[in-house]
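The sequence and structure are shown first.

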Amino acid sequence: MKTVGIVIVSHSPKVAEGAADMVRQMVGNEVPLAWCGGDPAGGLGTSVEKIMGAIDQAWSEGGVAILVDLGGAETNSEMAIEMLPPERQGRVVVCNAPIVEGAVIAATEAAGGSALDVVKRTAEELSPQ
């Protein structure tokens with residue numbers, strides 16, 4: 001079984017990098033991890049191209065769980081998924097979870113060998129109902 005990869009997408013590159021740093025410090029290097037943030041001009045925002053690059057970087061046959069900070073990051077992540085080859089689209093999901101806590105718990109679950117649907121469900125348990 002392949003370990004699920006984690007992608008962190010934030011409007012701020014510093015927020016994305018900080019969340020990824022927390023994941024690395026808590027889980028180590030056993031989980032494929034990538035992050036991206038900022039628009040192509042270097043300001044706040046997100047970029048479909050950067051997200052696609054992060055998905056490629058964290059790619060695992062076990063799938064990829066994406067954690068996002070705001071609605072625009074979610075929309076661009078969904079667009080990035082739609083642009084993936086068809087055989088990959090069903091193995092990438094956006095988690096409706098807090099970006100930092102969600103990324104840490106998703107990576108912890110992935111490190112334990114859980115499948116993509118379990119990683120997503122566990123991260124989303126952190127969201128207010």
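Helix H5 (residues 99-111) lies across strands S1 and S3, running at about 175 degrees to S1. Helices (H or I, at least four residues) and strands (E, at least two) are DSSP runs, numbered from the N terminus. Axes are lines fitted to C-alpha atoms, for helices over the stretch in contact, and angles run from 0 to 180 degrees between N-to-C directions. Helix H6 also packs on the sheet, touching S1, S3 and S4, and its direction makes about 10 degrees with that of S4.

The model is predicted: local features need pLDDT of at least 70, side-chain atom pairs count only at pLDDT 80 or more, and totals for chains, interfaces and linings use all residues. Residues are numbered from 1 along each chain as its sequence is written, and side-chain values use heavy atoms, with hydrogens and water left out.

The sheet is open and consists of four strands in the order S2-S1-S3-S4, with parallel pairing. Two strands pair if DSSP finds at least two bridges between them. S2 and S4 (92-95) stand at the edges with a single partner strand each, so one side of each lacks a neighbour in the sheet. On average, neighbouring strands are turned by 20 degrees against each other, direction ignored.

S1 (residues 5-10) and S2 are joined in the parallel sense over five bridges, and Ser10 has Gly37 of S2 as its bridge partner. S3 (residues 64-68) and S4 run parallel and are joined by four bridges; the partner of Ala65 in S4 is Val93.

S1, helix H1 (residues 13-27) and S2 make a right-handed β-α-β unit: with the strands pointing away from the viewer, the path from the first strand over the helix to the second runs clockwise.

| Helix pair | Angle | Axis separation |
|---|---|---|
| H1 and H5 | about 35 degrees | 9 Å |
| H5 and H6 (residues 116-124) | about 145 degrees | 8 Å |

The H5 and H6 crossing is right-handed. Contact (heavy atoms within 4.5 Å) is made by residues including Ile105 and Glu109 of H5 and Val118 and Thr122 of H6. By class, this contact has six nonpolar, two polar and one charged residues.

Conventions: A crossing is left-handed if the near helix is turned anticlockwise from the far one by less than a right angle, and right-handed if clockwise. Ala, Val, Leu, Ile, Met, Phe, Trp, Tyr, Cys and Pro count as nonpolar, Asp, Glu, Lys and Arg as charged, and the others, Gly among them, as polar.
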